[in-house]
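Please read the briefing below with the sequence and the 3D view side by side, and look up each residue as it is named.

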Amino acid sequence: MYLLNLVSWNVRGLGKVEKQRAVKNLVKKFWVNFLFIQETKLEIVESKTAKFIGGSCIDQFWFVHAIGSAGGITSFWDSNFFHIERQVLHKSYVLLVGFVQCLKRSCGFINLYTPNDASERKSVFAELENLIKSENLIWILGGDFNSVRGQDEKIGFSFNASSSEVLNDFIEETSLFDLPLSGSRFTWSNARDHGIFCRLDRVFVSPELLHILPGISLQVLPKTISYHNLIQVSVRSFVAGPRPFKIFNHWMDDKTFNRMLRSSIKVLRGFEIGNILYFSKRVAKAWVEKERKISIRALIEEAEKKIEALEALIQIGRERNEGGGYMHVSTASVLVLINGSPSERFSLKRGLRQGCPLSPMLFNLVAEGLSLVISKAANRGFFEGVKLGADSLEITHLRFADDLLIFCETVSGSAVGVHKEFSLTLEAGCRETQKKARAFESKDHVFRREGDPR
C-alpha cells in the first residue's frame with residue numbers, strides 16, 4: 001500500500017486504444033492515486049475515456065485540450081486521496097489545490113508540460129513562480145520540463161546553458177526540492193543507433209513534504225509506448241503483519257497456566273495436532289491477556305497505597321517541622337515489567353555516570369566552597385598566608401582543577417587553624433587524597449598541598 005503514489009508520463013498521444021490500455025494497466029498495476037499525463041494530443045478527454053483508464057483506482061480528472069496535434073495535459077486522481085477545492089487551467093499546466101487525506105492538509109499539484117520555445121518556457125516559469133509564492137501550501141510539481149539542469153543530464157546533443165539557467169533560477173526562487181532520480185540517469189531517449197539521452201521529466205516538492213514523508217522517493221519505470229520513461233513518486237505505508245505469539249519459560253512455572261493448558265488439551269483429545277495447537281494458542285493468549293490485566297491492576301493498587309503512605313509521611317513531617325522536628329524519606333524501590341511479568345524490586349541509587357556533563361559543575365560548587373572556607377579562616381585569623389611584594393599581598397592558597405596549594409606560617413596556631421577548617425570540609429562530604437597530599441617546609445613558611453577535594 002502507498003500513502004502517496006503519483007506517476008507522471010508523457011505518452012505522446014492518448015487517442016489510440018493501445019495507449020489508453022497501457023495507461024489503464026499502469027494505474028491498475030501500481031494502484032496509482034494521482035496521475036500526470038502530458039501530450040495527450042486530444043481536443044477533449046471524454047468521461048468514458050477517463051473511466052476506462054482509471055478503473056476502480058481513479059475517478060476524477062481535469063484536462064487542458066491540445067492545440068492542433070500538439071500539447072494536451074490531463075490530471076487524474078482518486079477522490080479518496082485528494083478532495084479538490086479549486087483549479088487553474090493553462091495551456092502548459094493543470095494546477096489543482098485541495099485537501100490530501102493522508103496528510104490532513106491542503107496541497108497543490110501541478111502537472112506541467114513546458115513549451116519548446118525558450119521565451120514561452122520562461123514566461124510559464126514566471127507565472128508558476130508567482131502562483132507558488134502567493135500561497136503557503138505543500139507543492140508537488142511534476143511533468144515534462146523540456147530542459148535539463150546541467151550538462152551531466154544530457155548525452156549526444158549540445159547543451160543549452162541559457163535554458164538550463166532559466167530552470168535553475170525557477171527552482172531557486174520557489175525553494176522547491178528536486179527529488180533525486182533512482183533507476184536511471186535519463187527519462188527520454190530517441191531510440192536510435194547514435195541516440196540522445198536526456199532527463200526531461202522530473203518532480204519537485206516543497207521541502208516541508210520531506211519532513212512529513214521522509215520515505216518519499218522518485219523512481220524511473222521501464223519505457224513502453226513512448227520515448228519518455230514513466231516516473232513514479234511514492235511513499236509506502238507500513239503495514240505490520242500478524243504479531244507472532246511466543247510462549248515464555250516463566251509461564252510454565254505458573255500453576256494456573258499449566259492447569260489451563262492441560263485442561264484445554266484434554267478437551268481437544270482426538271483432534272488433529274494442528275487444531276490442538278491452534279486452539280491451545282488461543283486459550284494461552286486469553287490467559288496472558290487476563291493475567292496482564294490482573295498484574296497491571298495490582299501494580300496500580302500498590303502504587304496508590306504507596307502514594308497514600310507518602311502523603312501521610314509528608315503530612316507528619318509538616319506537623320513535626322512546625323514543632324521543630326524533621327522528616328526523613330528513604331529511597332524508593334521500584335520494579336519493571338519484563339515480558340509482562342514484574343521483576344524483583346531494587347533500590348534506586350544516587351551518583352553520576354562517568355562523563356556526565358553535570359559532574360564538573362558539581363565539582364566546581366564543592367571546590368569553590370572549600371576555597372571560600374580557607375579564605376574565611378585566614379580573614380578570621382586562624383592562620384596567616386604568605387605575604388609578597390612591597391604591598392604585602394597575602395596569598396593563602398592557589399587552586400588549579402582538582403589540585404590545591406595552601407600557604408601558612410610555621411606556627412602551631414596556623415597548623416591547627418588549617419586542620420580545623422579541613423575537618424569541617426571533610427564533614428561536609430569532601431575528602432583528601434592521602435597519596436597526593438604533601439607538606440613542604442621552607443625556612444620561613446610551610447607549604448601544604450591537598451589533592452582532589454570532592
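This is a predicted model: local features need pLDDT of at least 70, side-chain atom pairs count only at pLDDT 80 or more; totals for chains, interfaces and linings use all residues.

Residues are numbered from 1 along each chain as its sequence is written, and side-chain values use heavy atoms, with hydrogens and water left out.

**Aromatic rings**

- Rings of Phe, Tyr and Trp (its six-membered ring) are taken as a pair if their centres lie within 6.5 Å, and the pair is called stacked when the planes are under 30 degrees apart, edge-to-face when they are over 60, and tilted for the rest.
- By this rule the count comes to 14 aromatic pairs.
- F61 and F63 form a stacked pair, because their ring centres are 6.4 Å apart and their planes meet at 20°.
- A residue is called buried when its relative accessible area is under 20%, exposed when it is over 50%, and partly exposed in between, using a 1.4 Å probe and protein chains only.
- F61 has 22% relative accessibility and therefore counts as partly exposed, and F63, at 22%, also counts as partly exposed.
- The rings of W77 and F82 have centres 5.8 Å apart and planes at 90°, so this pair is edge-to-face.
- W77 counts as buried because its relative accessibility is 1%, and F82 is buried with a relative accessible area of 1%.
- W77 and F82 also belong to one aromatic cluster, which is formed by F34, F36, W77, F81, F82 and F109.
- The charged end of K24 sits over the ring of F52, 4.9 Å from the ring centre; for this description, NZ of Lys or CZ of Arg must be within 6 Å of the ring centre and within 35 degrees of the ring normal.

- Rolling a probe the size of a water molecule over the atoms shows where empty space is left.
- On a 1 Å grid over the protein atoms alone, a cavity is a set of points where a 1.4 Å probe fits but cannot get out, whereas a pocket is an open set with protein on both sides within 12 Å along at least five of seven lines, and lining residues have an atom within 4 Å of a point.
- Grid points are joined across faces, edges and corners, and a volume is the space filled by probe spheres set on the points.
- A search of the whole structure finds 2 cavities of 30 Å³ or more, and the second largest cavity has a volume of about 30 Å³.
- The second largest cavity is lined by L4, F81, V100, C102, L103, C107, F109, I140 and L213.
- By class, this lining has 9 nonpolar, no polar and no charged residues, where Ala, Val, Leu, Ile, Met, Phe, Trp, Tyr, Cys and Pro count as nonpolar, Asp, Glu, Lys and Arg as charged, and the others, Gly among them, as polar.
- The largest pocket has a volume of about 720 Å³, and its lining holds 34 residues, of which Y113, T114, P115, N116 and N146 lie nearest its centre.
- The lining of the largest pocket divides into 13 nonpolar, 13 polar and 8 charged residues.

**Loop residues**

- Helices (H or I, at least four residues) and strands (E, at least two) are DSSP runs, numbered from the N terminus.
- S226 lies in the loop between β15 (217–221) and β16 (230–236), and S226 is buried, with a relative accessible area of 5%.
- A polar contact is a pair of N or O atoms within 3.5 Å; within protein, one must be able to donate a hydrogen and the other to accept it, and residues adjacent in sequence count only if both atoms are side-chain atoms.
- The side chain of S226 reaches the backbone oxygen of N10 at 2.7 Å and the backbone nitrogen of H228 at 3.1 Å.
- R199 is in the loop between β13 (197–198) and β14 (201–205); R199 counts as buried at 7% relative accessibility, and its side chain reaches the backbone oxygen of L179 at 3.2 Å.
- R12, in the loop between β1 (2–10) and α1 (17–30), has a positive phi of about 55° although it is not a glycine.
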